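Here is a short note to read beside the model. Keep the sequence open as you go.

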Amino acid sequence: MSDTQLTVTLSGGGIDDARTVVRALEGVFGAPDDLPADERATVRTATFRASAAPQTAAAPSADAGRLSAPVTVTVQGSPQAVATASETLTRAFSVREEGAASGDQEQERQLLLVP
């Protein structure tokens with residue numbers, strides 16, 4: 001399998017906070033299928049199609065932005081994609097790990113990003 005999927009689920013904060021988090025991941029995973037767009041949603045998702053070996057986490061771009069409120073982020077995908085996403089978000093934001101779950105071929109990690 002040459003491609004894998006990374007699913008990012010975001011709750012808390014507003015639409016701009018969700019987009020800020022997604023933009024922080026674009027440097028490593030490329031553009032998501034869609035940016036979070038529903039202003040009224042309480043949970044937003046973004047899906048990235050990542051290579052089986054995503055780029056190593058780079059320093060976040062200078063325009064990564066700040067969050068206006070705490071955001072809970074769940075990343076789900078291959079172990080390498082989840083680890084890379086977690087590392088990227090840790091470099092871009094103040095992060096507290098809230099939990100993790102592992103399956104045979106996928107992992108899930110929940111992070112709390114605080115302003």
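1. Helices and strands. Helices (H or I, at least four residues) and strands (E, at least two) are DSSP runs, numbered from the N terminus. This is a predicted model: local features need pLDDT of at least 70, side-chain atom pairs count only at pLDDT 80 or more, and totals for chains, interfaces and linings use all residues. Residues are numbered from 1 along each chain as its sequence is written, and side-chain values use heavy atoms, leaving out hydrogens and water.

2. The core. A nonpolar core is a set of buried Ala, Val, Leu, Ile, Met, Phe, Trp, Tyr and Cys residues joined through side-chain atoms within 4.5 Å. Buried means under 20% relative accessible area, exposed over 50%, and partly exposed in between (1.4 Å probe, protein chains only). The largest nonpolar core has 23 residues. Leu-6, Val-73 and Leu-89 have the most contacts inside it. At least two core residues come from each of β1 (3-11), α1 (15-29), β2 (43-51), β3 (71-77), α2 (79-92) and β5 (107-114). The largest share, seven residues, is supplied by α1.

3. Leu-6. Contact means heavy atoms within 4.5 Å. Set aside neighbours within four places in sequence, and Leu-6 still touches a list of residues including Phe-29, Phe-48, Val-75 and Ala-85.

4. Helix α1. The expected span of a helix is 1.5 Å times one less than its number of residues. α1 has 15 residues and reaches 20 Å from first C-alpha to last, close to the expected 21 Å. Its buried residues include Ile-15, Val-22, Leu-25 and Phe-29. Just after α1, Gly-30 takes a positive phi of about 80°.

5. Helix α2. This helix has 14 residues and reaches 20 Å from first C-alpha to last, close to the 20 Å expected. Among its buried residues are Ala-81, Val-82, Ala-85 and Leu-89.

6. Salt bridges. A salt bridge is a side-chain nitrogen of Lys or Arg within 4 Å of a carboxyl oxygen of Asp or Glu. The structure holds five. Which residue does Arg-91 pair with? Its partner is Glu-87, with the closest N and O atoms 2.9 Å apart. Arg-91 is partly exposed at 46% relative accessibility, and Glu-87 is partly exposed at 37%.

7. Two further pairs. Asp-38 bridges to Arg-40, the closest N and O atoms being 3.9 Å apart. Asp-38 is partly exposed at 39%, whereas Arg-40 is exposed at 74%. Arg-96 and Glu-98 also form a salt bridge, at 3.2 Å from N to O. Glu-98 is partly exposed, with a relative accessible area of 44%.
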